[in-house]
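Please read the following report with the sequence and the model side by side, and look up each residue as it is named.

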Amino acid sequence: MTFASAPGRVNLIGEHTDYNAGLVLPAVIPQRTLVELRPRRDDQIVVWSREIGAWATYRLGHERRRRDWLDYVMGCTAMLRDAGHRIAGSELRIASQVPLGGGLSSSAALEVAVLRALRTAYDLPIDDVELALIGQRAEARFVGVPVGAMDQLAASLGRLGSALFIDLRSLEIHLLALPAVDLVVIGSGLRHDHAAGDYRTRRAECEDAARRLGVRTLREVGIADLPAIAALPPPLDRRARHVVTENARVRAAVHAIETSDLRALGEQLAAGHASMRDDFEASLPEIDRLVAIAGADPAIWGARITGGGFGGAIVALAKRSQAAAAAARIAAGYLAETGIRPHILVPGGA
């Protein structure tokens, strides 16, 4: 029997930059997806999901998209085969502490946990970076959700207490120990779905903007190109401006972490949320209120929406040892103002 797991993640800064070959700065959270694997003597993959409450079965080599939760598992085995790796039939039992649709990358945690279990059980020669890229291909090519590789790389390489700087163009990756700050992660109570239209529309808009600017990806333009970006038709001008300024905010956040400048780090989070709200239009009024309530708390350095948007969670940076009290105040204020019950995930969520 083989056991494996992988964590969920929050993104401190660098939203919608990954599929634009840009810069990101995620951090993992304590909640994990757990996989128990038992080999079988046939070519059947038999899967139990505790969260869905269902069994499902398919044959290796006969993966076909069903447009449900099993696609994420089938995508992993299909992409392993495409990469030349051989596995046998297996029984997988999956349990997850990472909320589904909460902006905390439950799908990447599932993919990485499944791939880790298969790697161990069948002694596959795959390093942690390649494992993450196989997981990304499972989601993008098989499931059909056009995500970049940030989430899978974070789930595969992240460590608690550190941020993970990733350059999606060069695959430069390094861990940055977080300074004297604690994370607060609060689910808004509004679920999102990356397979739905808004996420796809934003990606298509970015690709259109890049074509009009004469580049392959928006990573190839920078702050000096903002006048050319401003000449794009709306909303492409705003979408491209978000990506370019967000890459700059990632670099500024890295510098703030390296110099332990928590005020500057908080300012980058706040600016990132404003850009997601105004230029990328990927927030919602309720989430804007949750961010505003968090940003006004005296124990918080800064807050923003985290994940692809259109629902999900926020992340905030709290003064050391004040995260739990701050999270309780923020959650109470949000419930009082909106009538929506939030979910405190970090600290203390499960």
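## Cores and salt bridges in a predicted model

Leaving aside residues up to four places away in sequence, L218 touches N20, C206, A209, A210, L213, A240, V243 and V244, where contact means heavy atoms within 4.5 Å. This is a predicted model, in which local features need pLDDT of at least 70 and side-chain atom pairs count only at pLDDT 80 or more, while totals for chains, interfaces and linings use all residues. Residues are numbered from 1 along each chain as its sequence is written, and side-chain values use heavy atoms, with hydrogens and water left out.

L218 is also one of the residues that touch the most other members of the largest nonpolar core, which has 41 residues. A nonpolar core is a set of buried Ala, Val, Leu, Ile, Met, Phe, Trp, Tyr and Cys residues joined through side-chain atoms within 4.5 Å; buried means under 20% relative accessible area, exposed over 50%, and partly exposed in between (1.4 Å probe, protein chains only). Among the elements that give two or more residues to this core are α5 (197-213), α7 (236-258) and β9 (300-306), and such helices (H or I, at least four residues) and strands (E, at least two) are DSSP runs, numbered from the N terminus. Apart from this core lies another, of 35 residues, including V47 and I87.

The structure holds 26 salt bridges, each a side-chain nitrogen of Lys or Arg within 4 Å of a carboxyl oxygen of Asp or Glu. Three of them are listed here.

| Pair | N to O distance |
|---|---|
| E246 and R249 | 2.7 Å |
| R304 and E246 | 3.8 Å |
| R289 and E337 | 2.8 Å |

E246, by contrast, is buried at 0% relative accessible area, and R249 is buried at 10%. Because E246 and R249 are three residues apart in helix α7, they are separated by about one helical turn. R304 is buried, as is E246.

Elsewhere, S5 lies in strand β1 (residues 2-13) and counts as buried, at 18% relative accessibility. The side chains of S5 and R32 are joined by a polar contact of 2.9 Å, a term for a pair of N or O atoms within 3.5 Å; within protein, one must be able to donate a hydrogen and the other to accept it, and residues adjacent in sequence count only if both atoms are side-chain atoms.
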